[in-house]
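Welcome! Let us walk through this structure together, one part at a time.

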Amino acid sequence: MANKAAIGQDALIEKGWWKSHQWLVWRRLSQLSVLALFLLGPWFGVWVIKGNIASSLILDTVPLTDPYLLIQVLLTRHLPETTAVLGAVIVLGFYLLVGGRVYCSWVCPVNMATDFAAWLRRRFGITSAARLSRNTRFWLLGLTLAMALVTGTLAWELINPVTAVYRGLVFGMGLGWTVLLAIFLFDFVIANRGWCGHLCPVGAFYSLIGRVSAVRVSAIRREQCNDCMDCFIVCPEPQVIRPALKGSDETSPVIRDGACTNCGRCVDICSKDVFQFGLRNSGKMNSQVANHQREVLS
Amino acid sequence: MSVKQSGSSRGVTRRQFLAGTVGAACAAGLAGLGLVSYTRQASALPAYAIRPPGALAESDFLGACVRCGLCVRDCPYDTLRLAKPGEDVALGTPYFIAREIPCEMCEDIPCVVACPTGALDHSLTDIDKSRMGLAVVVDQETCIAFRGLRCEVCFNVCPARGKAITLEMQHNARSGKHARFIPIVHSTDCTGCGKCERACILEEAAIKIFPLHLAKGIQGEHYRLGWQEKDKAGQSLVTPDVEHKYNLPEGMGYDYEGQGLIIEEQAAETPYPDDPLETLNRGKDRI
Ligand code: SF4
Ligand code: SF4
Ligand code: SF4
Ligand code: SF4
């Protein structure tokens, strides 16, 4: 078992820097280039995409709308224009394909702050942890929807740090940086993976999509696992790994829990290359299906 | 460490699960309570913040607008902005400040066209019909027109010149011999674009755009104005009054609408001629 100071050391030695950081790099590139695309307009007058992550327009033709926001709008009993509905369908389709919480790990800017906080905690061995249930986020998700229904306004948007930060980056920050700082400090000092892993209702919403989305990480070579625990340590949602990695032969090695953000850190960090991106129904699932068929036939 | 067993040994007991769930529910409930009171406060719209053209009524607008800023982006005059954290306006919602950059009332209303949700009502196609707010001459003490000086800047910059703001000529009581040209705003034509507020020559504008609910009074529903009802009906709605007559000596009358007491000419017949000298002369004759 590797000790804490050496997380990822095995992978670094066995696979080299690039192979052990590849998805992390792609992911940061993705987060930053989405942001850059939004900033290209206001900064340089090149309008590839207009708006912000709440709703936007690509090349003045393709609309995108956050489905979570659209649901809240519907709950306030406002019937939106078709543009917004179409935009939400496109976004929903996209995340149904690539994984619900790809929103979190590949787009959301808050993720960079919370990942940084988690990294600092690992570096400095900070283990303070407020006791919070990972389900709190679903209560908060329900709450935000209820608020829309009861107040008839997008009440959650008055404080939603995710859209506030993005809007801040694209339209001018104001005091928005305090929100980001608060989340960072909360994660750094108070609770490990506190915001994204326990509280954020946006992430909770996208994890619901993740329960059925197509692209998933699979512990496809799980028999090679040497229990170094590195994946559990770097994973923002470590509870999702166990059923896939430590399941019996009958169970699928695919990480099906919607909370998995498809960040690919486990793929990078594993020196034994246990994990790999794949489809929800691929890999050992086949043997399961085969077993099932055998049972049915006999 | 046995791989197969580790899954179950880390299981959560029913008790722990319940405690966790209750805790999470309580946290959510508390957050909810806080949020409710915060929403009230945070969604109050200060008077200086004017919504873009076509914005739904404020309570509906706050439910429909997703704060995407597409309206802001498509405004060619950079009129609109999104409320930043720390500002008094509901977070992320679009508004403008008339004194800084007013709405230029684009004929094709790009901001409305850009809105994906319909928070800016797409049925608004004629910008003259928009009602972003209403101009109000808030300070008659500093508006120099009220002091008898010729200004009329607001009147002249108004896109609905001569309709939304008219000038009313009044007597200048201070000098006793001049006129005052007073700007009067008409809600029938004022769109609330804010060009007048922007242009007001004072250091702090005397004419300001207010949201309609602040700018307008609302007449009681039962209220009827007699002359309007009469016009509508084409005739008086009550039995016409018998005209009142003063009991005046013969040859005198009373005009209610101006002249007042009238002494009729013919009644002025008198034994005496107009010229008193003649009377005197006549008297001399008699003697
Ligand atoms: S959990 Fe929330 S804040 Fe964290 S990455 Fe996902 S959407 Fe962003
Ligand atoms: S399981 Fe892997 S891909 Fe999923 S959140 Fe954890 S580290 Fe990221
Ligand atoms: S009508 Fe034109 S100037 Fe006025 S807010 Fe809309 S886009 Fe801007
Ligand atoms: S375009 Fe519509 S939804 Fe977007 S910020 Fe403007 S009013 Fe709100």
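How many Å separate the centres of domain 1 of chain B and domain 2 of chain B, taken over C-alpha atoms? The separation of these centres is 24 Å. Before going on, please keep in mind that this is a predicted model, where local features need pLDDT of at least 70, side-chain atom pairs count only at pLDDT 80 or more, and totals for chains, interfaces and linings use all residues. Residues are numbered from 1 along each chain as its sequence is written, chains are lettered from A and ligands numbered from 1 in the order in which they are written, and side-chain values use heavy atoms, with hydrogens and water left out.

Back to chain B: domain 1 covers 45-131 and domain 2 covers 133-217, with bounds that come from an automatic or database domain assignment. In the contact (heavy atoms within 4.5 Å), 14 residues come from domain 1 of chain B and 24 residues from domain 2 of chain B. Chain B has 10 helices and 8 strands; these are DSSP runs, numbered from the N terminus, with helices being H or I of at least four residues and strands E of at least two. Of its 287 residues, 34% are buried, meaning under 20% relative accessible area with a 1.4 Å probe and protein chains only.

Now look at helix 8 of chain A, residues 176-190. At 1.5 Å a residue, its 15 residues should span 21 Å, and its end C-alpha atoms are 21 Å apart, which agrees; the expected span is 1.5 Å times one less than the number of residues. The buried residues of helix 8 of chain A are Gly176(A), Ile183(A), Phe184(A), Asp187(A) and Phe188(A). They cover an arc of only 125° around the axis, so they lie on the same side of helix 8 of chain A; the arc is that of the directions from the helix axis to the C-beta atoms. These buried residues pack against helix 5 (110-124), helix 7 (161-171) and helix 9 (194-199) of chain A.

Finally, the ligands. Residues around ligand 1, with a heavy atom within 4 Å of it, include Arg101(A), Tyr103(A), Cys104(A) and Trp195(A). Helix 4 (102-107), helix 5, helix 9 and helix 10 (201-210) of chain A each give two or more residues to this shell. Around ligand 2 there are 13 residues, of which Cys235(A), Cys260(A), Cys263(A), Gly264(A) and Cys266(A) come nearest. Among the residues surrounding ligand 3 are Cys75(B), Cys103(B), Cys106(B) and Cys111(B).

Technical notes:
Buried means under 20% relative accessible area, exposed over 50%, partly exposed in between (1.4 Å probe, protein chains only).
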